[in-house]
Amino acid sequence: MTIIETISEMQHYADHWRQQGKTIGFVPTMGYLHEGHLSLMRLAKTRADVLVVSIYVNPTQFGANEDLDTYPRDLARDQRLLESVECDVLFLPNDAIMYPPEYRTYVTVEELTENLCGTSRPRHFRGVTTIVTKLFHCVKPHVAVFGQKDAQQALIIKRMTADLNMDVEIIIGEIVREADGVAMSSRNVYLSPAEREDARVLSQSLQKAQEAIAQGERSTATLIEMIRTMIAQKPTTTIDYVSIVETKTLHDVAQIEGEVLIALAVFVGKTRLIDNALIRV
Ligand code: AMP
């Protein structure tokens, strides 16, 4: 695996592959890799000749009181995991090259960024769409893979690439979970044993809602109340939001009908975790 730390070298590699007729698959990450990330990389490899993974903890997607400074990092371990999936290039940019002092440009997707995570993290998605655009210009991928774990992010990236006519196919990989149902996340490492136990309630409450839907429940108010009650019973949890939305617009819906997304964000201790379930009836 080649490690590239400069934009010009990354672009040079990308141009070289493209001249050779090779397709480039790309998985952007913030590192501290887990099986969820690796599943996206395996998916990318089925769709492209070469695999590029970026690790970059992007400061513009963190709010002032968020965990930018403490975000978990372990580059040596990440490199071993990347070797295990036969990643071709690890792109490792830094703040100085991504956001030099004169930097002034941001990419904004409207409306889809306002509710769900956008409410409590107002500038988060602007940071995400900006860095993804920049990374696409460095890596020049034919295919980029994102996780359904961040369902709102996946929708926003798809909207952005379509709206800005970016010549890259966006593929979404399934949520990978721990054996007890907890969605894998780099942030799970922050959890104390008691919090890790309580974190199970996110996926459990989504599961319970899906069972109720299978039994005929269609009122989203009832389902949301059911989920909130279940989560609130765990001592270390504080709910940020529980929403049931239409999958294309992310507008709240009153009834379960067609395709909807049940999305939630919950603080477990100080750690904010998200999870979701896609429902088709
Ligand atoms: P991150 O490093 O958290 O920014 O995530 C990088 C990519 O991995 C994003 O596209 C995430 O949606 C995806 N991802 C994170 N956790 C999971 C998971 N448990 N299952 C599948 N994809 C994930």
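This is a predicted model: local features need pLDDT of at least 70, side-chain atom pairs count only at pLDDT 80 or more; totals for chains, interfaces and linings use all residues.
**Exercise 1. Classify the packing of helix α9 against helix α10, and give its handedness.**

Step 1. Locate the helices. Helix α9 covers residues 200-214, and helix α10 covers residues 220-232.

Step 2. Take the geometry. The two axes come within 9 Å and cross at roughly 150°.

Step 3. Apply the cut-off. Angles over 145 degrees count as roughly antiparallel. That makes α9 roughly antiparallel to α10.

Step 4. The crossing of α9 and α10 is right-handed.

Step 5. List the contact residues. From α9 come V201, Q204, S205, K208, A209, A212 and I213. From α10 come L223, M226, I227, M230 and I231.

Step 6. Sort them by class. The contact of α9 with α10 holds nine nonpolar residues, two polar and one charged.

**Exercise 2. Work out how α1 and α6 are oriented to each other, and what their contact is made of.**

Step 1. Helix α1 spans residues 7-19, and helix α6 spans residues 124-139.

Step 2. Their axes come within 7 Å, at a crossing angle of roughly 55°.

Step 3. Angles of 65 to 115 degrees count as roughly perpendicular, and those under 35 as roughly parallel.

Step 4. On the α1 side, I7, M10, Q11 and A14 make the contact. On the α6 side, the residues are H137, C138 and V139.

Step 5. The class count for α1 with α6 is five nonpolar, two polar and no charged.

**Exercise 3. Describe how α6 packs on α7.**

Step 1. Helix α7 runs over residues 151-163. The axes of α6 and α7 come within 11 Å and cross at roughly 55°.

Step 2. That angle makes α6 oblique to α7.

Step 3. The crossing of α6 past α7 is right-handed.

Step 4. From α6, the residues F125, V128, T129, V132, T133 and F136 take part. They meet Q152, Q153, I156, I157, M160 and T161 of α7.

Step 5. The contact of α6 with α7 comprises seven nonpolar and five polar residues, with no charged ones.

Notes
Residues are numbered from 1 along each chain as its sequence is written. Side-chain values use heavy atoms; hydrogens and water are left out. Axes are lines fitted to C-alpha atoms, for helices over the stretch in contact, and angles run from 0 to 180 degrees between N-to-C directions. Helices (H or I, at least four residues) and strands (E, at least two) are DSSP runs, numbered from the N terminus. A crossing is left-handed if the near helix is turned anticlockwise from the far one by less than a right angle, and right-handed if clockwise. Contact means heavy atoms within 4.5 Å. Ala, Val, Leu, Ile, Met, Phe, Trp, Tyr, Cys and Pro count as nonpolar, Asp, Glu, Lys and Arg as charged, and the others, Gly among them, as polar.
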